[in-house]
Amino acid sequence: MNYKEKYNLWLSFDEQTKKELEKINDEKEIEDRFYKDLAFGTGGLRGIMGAGTNRMNSYTVGKATLGISRYLKSKYQGSLSVAIACDSRLNSKSFQKDAARIFASQGFKVFAYSDIVPVPVLSFTTRYHECNAGVMITASHNPKEYNGYKVYDDKGCQFCTQDAKNAIEFINEIDDYKNIYEGVKSFDEYVGEGAIELIYTEELNKFIAAVETQAAYQEKNDLKIVYTPLHGTGRFPVLAVLDGMDVTLLDSQKEPDGNFPTVKSPNPEDRAALTLAIEKAKEIGADIVLGTDPDCDRVGIAVRHGGEYVLFTGNQTGALLVNFILRMRKDELNEKSTLVKTIVTSELGANIGRKFGLQVEETLTGFKYIGEKINKYEEKGDKEFVIGYEESYGYLVGTHARDKDAVVSSMLICQMAAWYKNQGKTLVDGLNEIYDEYGYYLDYLDSFVLKGKDGAEKIQSLMVYFRETGKALFDGIKEIIDYKDGILDLPKENVLKYIFSDGSWMAVRPSGTEPKIKVYYSIVDESRENAKSRLESIREKIKSIIEG
């Protein structure tokens with residue numbers, strides 16, 4: 001069916017769906033809602049909420065769940081179980097119940113969280129209850145209009161290439177959205193029958209205990225912290241692991257609220273998201289500001305230095321964490337010790353790891369690939385995971401989760417800041433010491449939003465342009481790495497990486513979860529001013545190509 005035929009079919013669905021669709025007067029809006037089915041990306045399903053095949057709603061959640069349940073039944077024998085959780089977003093609890101009902105109707109034992117929890121808690125729970133899979137309803141740091149659906153394997157790692165491919169085949173076999181819930185009982189009925197078991201306290205406490213085993217520095221200190229969960233899931237677990245430290249919880253952003261009323265976007269990568277927390281920090285003279293996103297897998301920080309609050313990038317925080325963890329645990333390191341980062345993450349942290357004798361491995365963008373590495377290390381026994389991180393503010397120390405974890409990261413960042421403060425230093429001082437030893441790295445990310453079908457087509461045409469232009473794009477390009485055909489043991493991915501002769505690089509990739517094309521820059525130079533000037537020159541040319 002074409003998009004208009006799908007639209008007309010959906011008008012025959014429930015009354016609420018019909019009313020929502022009948023209010024749409026823009027033909028482009030109708031086309032965008034129905035020209036395709038919402039697809040799996042680097043983070044599972046993710047999209048704007050609303051009626052339509054290209055939207056997050058009860059029907060698309062039901063279709064995905066039914067397809068995944070059929071795939072799991074083809075993969076495993078005997079009784080099956082799944083863990084399900086959600087964050088604080090609008091409709092998250094409803095979507096969680098929809099998924100739980102479908103799984104229960106297919107004969108699965110369902111462990112469903114009775115309250116919101118972070119992503120890493122769901123990852124931990126999948127293994128804790130020895131489930132065949134896990135599902136997390138979240139759209140991470142996206143604006144309030146979005147929601148999503150992440151699927152985890154029996155090791156607590158997000159579905160990677162083969163699992164995702166297999167699941168998609170089963171999902172795509174389902175073309176009858178309207179009758180997905182036919183014969184499916186209510187959530188409460190399945191709870192009453194025992195098919196769905198409500199969980200929370202035991203699992204969350206076990207997770208927190210596992211995180212606390214990763215503590216690296218617990219000496220007495222007077223570090224002052226301001227923390228904001230940005231209306232998300234982080235409040236209880238983050239405060240639990242920071243117990244004993246001087247933490248001020250930001251009152252205006254402490255309550256879970258999917259409308260995110262105090263921020264434009266609950267993304268700790270954006271300075272604006274931490275504005276209120278920084279104001280509070282100035283008021284009380286705090287040393288550090290922490291902000292976790294709604295599903296508490298990313299954390300952003302601002303550090304007081306010289307009377308101002310300096311925001312750190314994900315690459316900077318990652319490099320500092322690598323340096324801190326390896327210093328604290330240098331006696332535990334061995335020839336198997338390994339650091340894992342993504343292909344668009346700065347080399348600074350990797351170079352620190354190498355100096356400490358660690359092996360360094362790279363993965364594609366998406367923390368699920370780091371989780372996949374952990375699984376492989378445990379299976380083969382040839383490597384031991386020490387730390388993994390990505391430029392987009394996601395870090396993991398320990399193997400209690402197989403996804404990025406802002407709970408353990410928040411604990412270690414504060415312990416790291418306390419360690420530096422006890423030496424009379426700030427994290428800015430610590431970063432400058434790293435630059436003095438390893439050279440200056442200036443990293444930056446540009447995201448260009450290109451919405452709808454036209455935007456998707458433009459993104460593809462831009463990737464064709466970049467490939468055809470090749471080394472002629474900039475002077476000094478030594479090598480171009482094209483991941484579309486697969487590099488080494490990495491899956492195929494639509495990413496181009498330009499390596500300059502001085503070690504600087506630039507990468508271009510369409511987002512797997514948003515209507516964006518992303519451009520990553522990493523400039524290496526002894527002079528900060530030269531690095532800034534060169535970055536601006538490269539950015540201006542890229543902007544003229546994409547927006548021109």
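Guide: Welcome! A disulfide here is a pair of cysteine sulfur atoms within 2.5 Å. Keep in mind that the model before you is predicted.

Visitor: How do you know whether cysteine 160 and cysteine 157 are bonded or too far apart?

Guide: Set the distance against the cut-off of 2.5 Å. The sulfur of cysteine 160 has its closest cysteine sulfur in cysteine 157, at 4.1 Å, so the pair is too far apart for a bond.

Visitor: How many disulfides does the structure hold?

Guide: The count is zero. Cysteine 131 is in no disulfide either: the nearest cysteine sulfur belongs to cysteine 157 and is 15 Å away.

Visitor: Are cysteine 131 and cysteine 160 buried or exposed, and how do you know?

Guide: The label "buried" needs a relative accessible area under 20%. Cysteine 131 has 2%, so it counts as buried. Cysteine 160 has 7%, and therefore cysteine 160 is buried too.

Visitor: What makes the phi of cysteine 296 worth a look?

Guide: The phi of cysteine 296 is positive, about 55 degrees, although the residue is not a glycine. Most residues other than glycine have a negative phi. You will find cysteine 296 in the loop between S9 and S10, a hairpin with six residues between the strands. At 0% relative accessibility, cysteine 296 counts as buried.

Visitor: Why is strand S9 called largely enclosed?

Guide: Strand S9 covers residues 288–292, and five of its five residues are buried, so the rest of the structure largely encloses it. In a regular strand, side chains alternate between the two faces of the sheet. Both faces of S9 are covered: Ile288, Leu290 and Thr292 are buried on one side, Val289 and Gly291 on the other.

Visitor: What makes S7 and S10 partners of S9?

Guide: Two strands pair if there are at least two bridges between them. Strand S7 (residues 224–228) is joined to S9 by four bridges and runs parallel to it, so the pair qualifies. Valine 226 stands opposite valine 289 there. On the S10 side (residues 299–305), five bridges join the strands, which run antiparallel. Threonine 292 has valine 299 as its bridge partner.

Visitor: Why are strand S8 and strand S11 called edge strands?

Guide: The open sheet of five strands has the order S8-S7-S9-S10-S11, with mixed pairing. Strand S8 (246–249) and strand S11 (308–311) each pair on one side only. The twist averages 25 degrees from one strand to the next. For S8, the pairing is with S7, in the parallel sense over four bridges, and isoleucine 225 stands opposite valine 247.

Visitor: What makes S1 and S6 the edges of the sheet of six strands?

Guide: That open sheet has the order S1-S5-S4-S2-S3-S6, again with mixed pairing. Strand S1 (45–48) and strand S6 (196–199) each have a single partner strand, so one side of each is left without a neighbour in the sheet. The twist here averages 15 degrees from one strand to the next. S1 pairs with strand S5 (residues 146–152) in the antiparallel sense over four bridges; isoleucine 48 and tyrosine 146 are bridge partners.

Visitor: How do you know that the span of helix H16 agrees with its number of residues?

Guide: The expected span is 1.5 Å times one less than the number of residues. For the 12 residues of H16 (427–438) that gives 16 Å, and the end C-alpha atoms are 16 Å apart, so the two agree.

Visitor: Which residues of H16 are buried, and how do you know what they line?

Guide: Leu427, Val428, Gly430, Leu431, Ile434, Tyr435 and Tyr438 are buried. Seen down the axis of H16, the buried residues fall within an arc of 160 degrees, so they line one face of the helix.

Visitor: What is found at the start of H16, and what follows it?

Guide: At the start, a side-chain oxygen of threonine 426 comes within 3.2 Å of the backbone nitrogen of valine 428. After H16 comes glycine 439, with a positive phi near 100 degrees.

Definitions and conventions
Residues numbered from 1 in each chain as written. Predicted model: local features only at pLDDT ≥ 70, side-chain atom pairs only at ≥ 80, totals over all residues. Heavy atoms only, no water. Helix = DSSP H or I, 4+ residues; strand = E, 2+ residues; numbered from the N terminus. Buried < 20%, exposed > 50% of the residue type's maximum accessible area, 1.4 Å probe, protein only. Arc of directions from axis to C-beta. Polar contact = N/O pair within 3.5 Å; in protein donor to acceptor, adjacent residues only side chain to side chain. Axes fitted to C-alpha atoms, helices over the stretch in contact; angles between N-to-C directions.
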